[in-house]
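Have the model open as you read.

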Amino acid sequence: MVASSSSLKLQDLIQEIREAKTQAQEREVIQKECAHIRASFRDGDPLHRHRQLAKLLYVHLLGYPAHFGQMECLKLIASPRFTDKRVGYLGAMLLLDERQDAHLLITNSIKNDLSQGIQAVQGLALCTLSATGSAEMCRDLATEVEKLLLQRSAYVRKKAVLTAVHMIRKVPELSDIFLPPCAQLLHEHHHGILLGTITLITELCERRPAALKHFRKMVPQLVHILQTLVTTGYSTEHSISGVSDPFLQVQILRLLRILGRNHEESSDTMNDLLAQVATNTDTSRNAGNAVLFETVLTIMDIRSAAGLRVLAVNILGRFLLNSDRNIRYVALTSLLRLVQSNHSAVQRHRPTVVECLREPDGSLSRRALELSLALVNSSNVQAMTQELQGFLESCPPDLQANCASGILLAAERFAPTKRWHIDTTLRVLMTAGTHVRDDAVANLTQLIGGAQELHAYSVRRLYSALAEDISQQPLVQVATWCIGEYGDLLLEGSCEETEPLQVKEEEVLALLERVLQSHMSLPATRGYALTALVKLSTRLRGDNNRIRQVVSIYRSCLDVELQQRAVEYNTLFRKYDHMRAAILEKIPLVERGGCQVDEEAKESKETAQLSEAAPVPTEPQASKLLDLLDLLDGPSGDAQHPPPLDPTPGGTLIHLLNLPCAPPPPAPIPNLKVFEREGLQLNLSFVRPPGTPTLLLITVTATNTSGGDVTHFICQAAVPKGFQLQLQAPSGDTVPAQGGLPMTQLLRILNPKKAPLRLKLRLTYNHFGQSVQEIFEVNNLPVETWQ
Amino acid sequence: MQFMLLFSRQGKLRLQKWYVPLSDKEKKKITRELVQTVLARKPKMCSFLEWRDLKIVYKRYASLYFCCAIEDQDNELITLEIIHRYVELLDKYFGSVCELDIIFNFEKAYFILDEFLLGGEVQETSKKNVLKAIEQADLLQESLFS
């Protein structure tokens, strides 16, 4: 035949491909060869078929299509020659996964090969079955595999056991067939079979509580096996760096963990052995550390004695100091898992954890951050915050958001003094302003607002910060608000807590004007600035011409919100000048207390509305909400317009976080995924603040895993009559692609009648060049959200 | 284990063993992205990283990266031993193995792996037994080959 003489041998083909200098050349060589291969498949010598397939498999590895070889795999598998089968089965594993139609056709061949006598062939069949066997194939061949568990050849038995593992994963009902042989198999001496058996038992226990109960009886036997392995089982054949068969040890330890979990008796039985392994394992090399690691995990997960637990945590502490980064990594991961249940034990290792923050390796510093945040408490908050601030200044951008919100949360929970709290928040805003959550601004304004003794201090610090940098929006917003409120304190006298600061009125006004005009300022920020300017008209002693001029100019601003404000303020100057002082009065101190204060404050601030800046226009939303409500079944008359401005910017925070003497938090309500379309996902998370039984806070989080940005995203909500709904400003209107920073929005729902909650959402956005509108009712709201 | 990939410093795939059913398209996508992520790591960094919802364990031996994706409950440190054992097996078989050996004898690399791992789990912890099995299979291939 001419075909084989013009086509290459495998190694020659590989050589020629490697010699290709360009992608195009490579493609040419491959296409030419594939043509030969195709021809050969059609009418070539069956003796050489395996060579052709091998070449095709190589080409497939490089990323080229090879589907036309699928039927050849079948033919080769069915051939009696071992060489053919070897390549055929390899091809099946590479080209035929369970999605292909041809896949099922190998079932018969596998069945034949399993029952004939050559163990190498049986091995090939079992290997293929366990790598790519579909559920249907597993059902068909289960009894064949079961028979092989009793075969004389250890080689076949060990493969059969692991094939059973795969079968159970695919078809859990097959557990019934494979459970009984385990008892016998546990007596095996062959390490491979034993290992497979332990794996099989583990798989059975993870799927069936009945199996778990059954195998608990074997704990003493397992303990004995591991004991033998550790004390007398030394054999060079199975050891790594002086540790007896670490693979087997780890697998046994893992099974013991599952069996001992929540079971006093089993845990007792394994206690001594675990202590023995924990103290005697050689830790100079990775193999020993792998065993030790698994031991620690087991100790921490079962009902172990207190002394043993301490030992385990100390081992992790030692791991943390290990020069090997991998060991440090697993230590951090494990400690993180333990920090909730064994807080004080983990606290002891805090200094080392903090050291790990300085790791240049992102994997490690990320873990260290999570763990550090979990370790902050009232006694170490100042020192920890210092460390975390340092980390924030130099950490990679993807960790900044976590770090910033972590610091703010910790500050909220454990701040020793208000001044420290303000300073800390300020520092975070200055370092990572763009990464903080939306409520940071609200929190800080409320914090400052409520601390009269710190007004002068705050306004000075904020003024200095603002004068240096007007780009960090949250900081700018708080600063402008503060200057607007307490501008008089800024100018008069000195504050003993800060450097003496001589500020002239013109400078203050100029700074606010800069913020107003800067292209870096968000619309909301400019709103803050404009309002601050107007407030200053009553705080400053000089004449107000400059302020009036600015306000006047903005009456024709293109931004509707700003324009509206400017017109209102202008009117204030023109026609209601006698009322101006009263309207622009300083807000009363907002004490951080219960919901009651909220409501009172809301009422008293109806008149003071103009002096508060709202983050983003809610009026347009109010009118559209009516549309939305019309769509709900019940009459919508009662549903309130959200007040145009949010009078208590920090209101939500009181309830979101535990106050020091608040009752223990209720069990968290599970999150709810409510929407998914082309990679855009909407999740709702719920909080019922303990002090206010009628209040439900819903955070809507929008994430985008698709390749295209979602823009102009607006989420609106409606609730039935009898509920009060307030939408807070969203964090943004863009949800960046590829899992970028999610967009969040807070909904406050008051449910005084504790009626069953219903929620309708309307989404409008642009995605992949199309504008999308979705309206849907949220089902499956957990009862905990309204009961 | 969910899958194991071997690739060069230039990102060329030398071996791919998948223990979970995925379409060709998905496999290509995962491979492309994961290779990029691993190649971006600096030399002194640890061998573990979280990628999507998988734990990735990788190690570089000369010009080849050995990269495994394991499940949440799997032990990272023992996975390093699995990788190392596989390299030792290749080394013993080829005699001081290098990337070229794996390129020109990729089927053998697969055969050896299939004697060490089965369905993503370790099937044989004795180096001797694995190598013996390969030897016997090679002999079988030769004797029946006419």
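Which residue forms a salt bridge with A:Asp176? The partner is A:Arg208, and the closest N and O atoms are 3.0 Å apart. This is a predicted model, by the way. The pair links distant parts of the chain, with A:Asp176 in helix H11 and A:Arg208 in the loop between H13 and helix H14, 32 residues apart. A:Asp176 is exposed at 53% relative accessible area, while A:Arg208 is partly exposed at 27%.

Now look at A:Arg169, which forms a salt bridge with A:Glu203 at 3.1 Å between the closest N and O atoms. A:Arg169 sits in helix H10 and A:Glu203 in helix H13, so this pair ties together parts that are 34 residues apart in sequence. A:Arg169 counts as partly exposed, at 31% relative accessibility, whereas A:Glu203 counts as buried, at 7%.

As for networks, shared partners join A:Arg169, A:Glu203, A:Arg207 and B:Glu121 into one.

That last name brings us to the interface. Here 70 residues of chain A are in contact with 66 of chain B, and about 6,000 Å² is buried between the two chains. On the chain A side, A:Leu61, A:Arg86 and A:Phe247 lose the most area, together 13% of what that side buries. The rule finds eight salt bridges across this interface; one of them pairs B:Lys128 with A:Glu237. Helix H10 gives the most to the chain A side, with seven residues.

Note on methods: Residues numbered from 1 in each chain as written. Chains lettered and ligands numbered in written order. Predicted model: local features only at pLDDT ≥ 70, side-chain atom pairs only at ≥ 80, totals over all residues. Heavy atoms only, no water. Contact = heavy atoms within 4.5 Å. Buried area = accessible area lost by both parts, 1.4 Å probe. Salt bridge = Lys/Arg side-chain N within 4 Å of Asp/Glu carboxyl O. Helix = DSSP H or I, 4+ residues; strand = E, 2+ residues; numbered from the N terminus. Buried < 20%, exposed > 50% of the residue type's maximum accessible area, 1.4 Å probe, protein only.
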